Amino acid sequence: MKRQIFTADHEAFRGTVRTFLAKEVTPHYAQWERDGIVPREAWRAAGRQGLLGLAVPEEYGGGGTTDFRYSAVLTEEFTRAGAAGLAVGLHNDIIGPYLTGLATEEQKRRWLPGFCTGEIITAIAMTEPGAGSDLQGIRTAAEDRGDHWLLNGSKTFISNGILADLVVVVARTTPEGGAKGLSLLVVERGMAGFERGRNLDKIGQKAQDTAELFFHDVRVPKENLLGELHGGFGHLMTNLAQERMNIAVAGIAAAEHLLEITTAYVKEREAFGRPLAKLQHIRFEIAEMATECAVTRAFLDRCIADHAAGALDAVHASMAKWWATELQKRVADRCLQLHGGYGYMSEYPVAKAFTDGRIQTIYGGTTEIMKEIIGRSLLS
């Protein structure tokens, strides 16, 4: 079915993204995987190409468009290229809205130009060793010391944790428990007491630096409070829908790409003297996955269009996230099986997609949390 949500401008942008990936990413990606990190020059190259800060106003050096369809194109093409290490979606669609929507004018002029050029790489630090999806369990705390906050605590599983120059830290700013006492504090590279732990060894997305972060009596200036004091929980809830949409868009794009490469593979691979595609079981497997992808694509494209128009709610974003990522997981497993032993070899794209995509049902809110959000909306 022909997709109907994109215009000629969106498709022209898709061509730009593909050219960038072919020139600046794909030739170097295997080395980045071995290194466990993407070089800063790749971020600057993305900035020069206009791929960073799509929704940032032009006066700060951004693209000046709030049309989420451009972000969807970017996510789809990076997913097809298997280039999760250069986490432009995290930078643009997850952290960007906090800076454009909550920052003061002074903060915007201080941070957004570098955000758009790739000179400032960003991260958001929510997860802790004892607090993941349950943000009310956060223990990292900041004490009011008059002209600054004194920040103490630790975070883990922080994407861009090694490279980040600017980290939006979720911290408790009141001694009371619960969600009402959370605030967003911006910690910048070089602040005394801000330390990075090891670059964590993951089973997939090897080029994407993921780190532990430690805060030992970090003096965070009062002017680095982002948004309202004690308003962090509300700010996080406001921006989670777009984060989940970004993950969902990657999920269906990955499933479609896996189906594409597996369809080509079973046409060429022979068993018992004939191509695998001649076997009825193989045709049924391909037919089932193609149908599931087509149905999911129709729903996701509706969600993309709704979000671009500012009409997508948290419940449908949660539906999109859990359904698309669980589909991605199932398709990756079935496609690897259809590749046989070759599917287990790391040089085959299906093997990399299998390990890279496994995190999708976990970060941004687990599948179980998504179902809880949907269930509460229907039954409470």
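Predicted model: local features only at pLDDT ≥ 70, side-chain atom pairs only at ≥ 80, totals over all residues.
Helix 5, which spans residues 88-102, packs against helix 7, which spans residues 232-268, with the two axes 10 Å apart and at an angle of about 155°. Because an angle over 145 degrees counts as roughly antiparallel, helix 5 is roughly antiparallel to helix 7, and the crossing of the two helices is right-handed. On the side of helix 5, the contact is made by Gly89, Asp93, Ile94, Pro97, Tyr98 and Leu102, while helix 7 contributes His235, Leu236, Asn239, Gln242, Glu243 and Asn246.

Turning to the aromatic residues, the structure holds six aromatic pairs. A pair of aromatic rings is described by the distance of the centres and the angle of the planes. Two of the pairs are set out below.

| Pair | Distance of centres | Angle of planes | Class |
|---|---|---|---|
| Phe13 and Tyr70 | 5.5 Å | 75° | edge-to-face |
| Trp322 and Trp323 | 5.5 Å | 80° | edge-to-face |

Phe13 lies in helix 1 (residues 8-25) and Tyr70 lies in helix 4 (residues 68-80), so this pair ties together parts that are 57 residues apart in sequence. Both Phe13 and Tyr70 are buried. In the pair formed with Trp322, Trp323 is partly exposed, with a relative accessible area of 37%.

Notes: Residues numbered from 1 in each chain as written. Heavy atoms only, no water. Axes fitted to C-alpha atoms, helices over the stretch in contact; angles between N-to-C directions. Helix = DSSP H or I, 4+ residues; strand = E, 2+ residues; numbered from the N terminus. Parallel < 35°, antiparallel > 145°, perpendicular 65-115°, else oblique. Left-handed = near helix turned anticlockwise from the far one by under 90°. Contact = heavy atoms within 4.5 Å. Phe/Tyr/Trp six-rings, centres within 6.5 Å; stacked < 30°, edge-to-face > 60°. Buried < 20%, exposed > 50% of the residue type's maximum accessible area, 1.4 Å probe, protein only.
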